[in-house]
Amino acid sequence: MAKATIKINRQYLKEIKEVCESFNYEKGQLINVLKKTQEKIGYLPAEVQMVIAEELKVPVAKVYGVVSFYSFFTMVPKGKYPISICLGTACYVRGAEGILQEVERQLGINPGETTPDGLFSLDCLRCIGACGLAPVIMIGEKVYPRVTPNKVKEILDEYRK
């Protein structure tokens, strides 16, 4: 069977191999290898997954299965400021859907997308555990409590500066 040709930036290739080596190429460390690689590169496209599979000697399907199962992994580049809208029950009943619509309108993107300038990406979460502050959004690690659609522009403008 012929090996697939992997087109990947040399620097990324070096970093991936260093991460795999730091975990002693152990198959049982796949999640840790993926996490560390995503921290370094920012996301886990198919080419990166193929290199990791080859380095750890695991099937590419297994790597893809882990990446696609866990929501903290991403196969597409995230924006500089990743936005997460909580759509858990408490946030939803307190107006999260309207907040999501306003963020979509302000940025011109849908969940799973990144703005053309690479500044923002948008995702939805089921619950972040801040139900008493509902509805909430997160930008990076910062939580914004009791958000209303009217506050969205002001919040986004903090990051546009």
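In which helix is Lys62 found? In this predicted model, Lys62 belongs to helix α4, which covers residues 60-69. With a relative accessible area of 47%, Lys62 falls into the partly exposed class, because that class takes in values between the 20% and 50% limits. Between the C-alpha atoms of Lys62 and Gly112 the distance is 23 Å, and the two residues stand 50 places apart in sequence.

The chain as a whole contains seven helices and four strands, and the order of these elements, read from the N terminus, is α-α-α-α-β-α-α-β-β-β-α. The C-alpha trace extends over about 55 × 30 × 25 Å along its principal axes. Where contacts between residues at least 6 apart in sequence are considered, 58% of them join residues at least 24 apart.

Two domains are assigned to the chain, domain 1 comprising residues 10-69 and domain 2 comprising residues 81-160. The centres of domain 1 and domain 2, taken over C-alpha atoms, are separated by 30 Å. Both domains take part in the lining of the largest pocket, to which domain 1 and domain 2 each give at least three residues.

The largest pocket holds about 740 Å³ of space. Its lining is made up of 18 residues, and those lying nearest the centre of the pocket are Ser71, Phe72, Lys78, Pro82 and Ser84. In terms of secondary structure, at least two lining residues come from each of helix α2 (30-41), strand β1 (81-86) and strand β2 (120-125). Sorted by class, the lining of this pocket consists of seven nonpolar, six polar and five charged residues.

The loop between α4 and β1 includes Thr74. Thr74 has a relative accessible area of 9% and is therefore classed as buried, the limit for that class being 20%. Apart from neighbours within four places in sequence, the residues in contact with Thr74 are Gln38, Gly42, Tyr43 and Leu44. Pro45, which is 29 residues away from Thr74 along the chain, has its C-alpha atom 7.9 Å from that of Thr74.

Helix α3, which spans residues 46-56, contains Glu47. The relative accessible area of Glu47 is 34%, so this residue is partly exposed. A distance of 20 Å separates the C-alpha atoms of Glu47 and Ser22, which are 25 residues apart along the chain.

Most residues other than glycine have a negative phi, and most peptide bonds are trans. Lys57, although it is not a glycine, shows a positive phi of about 55°. This residue, Lys57, is placed in the loop between α3 and α4, and a relative accessibility of 65% means that Lys57 counts as exposed, the limit for exposure being set at over 50%.

A positive phi is likewise found at Arg146, a residue other than glycine, where the value is near 45°. Arg146 is situated in the loop between strand β4 (142-144) and helix α7 (149-160). The relative accessible area of Arg146 is 46%, and Arg146 is therefore partly exposed.

With regard to the peptide bonds, Ala134 and Pro135 are joined by a cis bond, for which omega is about -5°. Pro135 is located in the loop that lies between β2 and β3, the latter strand being formed by residues 137-139.

Definitions and conventions
Residues numbered from 1 in each chain as written. Predicted model: local features only at pLDDT ≥ 70, side-chain atom pairs only at ≥ 80, totals over all residues. Heavy atoms only, no water. 1 Å grid on protein atoms, 1.4 Å probe; cavity = no way out; pocket = protein on both sides within 12 Å on 5 of 7 lines; lining within 4 Å. Points joined across faces, edges and corners; volume = space filled by probe spheres on them. Nonpolar A, V, L, I, M, F, W, Y, C, P; charged D, E, K, R; others polar. Domains from an automatic or database assignment. Contact = heavy atoms within 4.5 Å. Buried < 20%, exposed > 50% of the residue type's maximum accessible area, 1.4 Å probe, protein only.
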